[in-house]
Amino acid sequence: MSDGWWFGMLLAIGLGAGSTGGADLGSIFVESIKGYIPTLILLVIMTIVGHSLYVLVTTHAVPGAANLAMVTITIVVSAFLTNMMLSYLRKALA
């Protein structure tokens, strides 16, 4: 797993991953998508702004679209999967 993947997992936990509910496996899946969308939008905005500023400051250049897309997708997918995994674990432990 890359550093970006671990960073996305930690961000997801910090932003409340696993707090979505559900009574059974299907509803946990649906609720983990619906309940986490506002957080994912915030995460995308933070990732785009943060990565752009990082590249701008460190290399004094505009970030490439492909690299920005790769970083954003990695963060969002890892955050979403972390949210779903923690939601299922909460149900299993309940």
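Predicted model: local features only at pLDDT ≥ 70, side-chain atom pairs only at ≥ 80, totals over all residues.
Residues are numbered from 1 along each chain as its sequence is written, and side-chain values use heavy atoms, with hydrogens and water left out. The protein chain has 4 helices and 0 strands, where helices (H or I, at least four residues) and strands (E, at least two) are DSSP runs numbered from the N terminus.

**Overall layout**

- Reading from the N terminus, the elements go α-α-α-α.
- The C-alpha trace spans about 50 × 20 × 20 Å along its principal axes.

**α1 against α4**

- α1 and α4 pack with axes 8 Å apart at an angle of about 50 degrees; axes are lines fitted to C-alpha atoms, for helices over the stretch in contact, and angles run from 0 to 180 degrees between N-to-C directions.
- That makes α1 oblique to α4, because angles under 35 degrees count as roughly parallel, over 145 as roughly antiparallel, 65 to 115 as roughly perpendicular and the rest as oblique.
- On the α1 side, Gly4, Trp5, Phe7, Gly8, Met9, Leu11, Ala12 and Ile13 meet Thr74, Ile75, Val77, Ser78, Ala79, Leu81, Thr82 and Leu86 of α4, with contact meaning heavy atoms within 4.5 Å.
- By class, this contact has 11 nonpolar, 5 polar and no charged residues; Ala, Val, Leu, Ile, Met, Phe, Trp, Tyr, Cys and Pro count as nonpolar, Asp, Glu, Lys and Arg as charged, and the others, Gly among them, as polar.

**α2 against α4**

- Helix α2 (residues 25-34) and helix α4 (residues 65-93) have axes that come within 10 Å and cross at roughly 140 degrees.
- This crossing of α2 and α4 is right-handed.
- From α2 come Leu25, Ile28, Phe29, Ser32 and Ile33, and from α4 Phe80, Asn83, Met84, Ser87, Tyr88 and Lys91.

**α3 against α4**

- The axes of α3 and α4 come within 10 Å, crossing at roughly 145 degrees, and the crossing is right-handed.
- α3 brings Leu40, Leu43, Val44, Thr47, Ile48, His51 and Ser52, while α4 brings Asn67, Leu68, Val71, Thr72, Ile75, Val76, Ala79 and Phe80.
- Those residues divide into 10 nonpolar, 5 polar and no charged.

**Largest pocket**

- On a 1 Å grid over the protein atoms alone, a pocket is an open set of points where a 1.4 Å probe fits, with protein on both sides within 12 Å along at least five of seven lines.
- The largest pocket has a volume of about 180 Å³, a volume being the space filled by probe spheres set on the points, which are joined across faces, edges and corners.
- Its lining (residues with an atom within 4 Å of a point) is Phe7, Leu11, Met46, Thr47, Gly50, His51, Val71 and Ile75.
- α1 (3-14), α3 (37-59) and α4 each give two or more residues to that lining, and the largest share, 4 residues, comes from α3.
- The lining has 5 nonpolar, 3 polar and no charged residues.

**Proline 63**

- Proline 63 sits in the loop between α3 and α4.
- Leaving aside neighbours within four places in sequence, proline 63 touches His51, Ser52 and Val55.
- Proline 63 and methionine 85 are 22 residues apart in sequence and 32 Å apart in space, C-alpha to C-alpha.

Notes:
Left-handed = near helix turned anticlockwise from the far one by under 90°.
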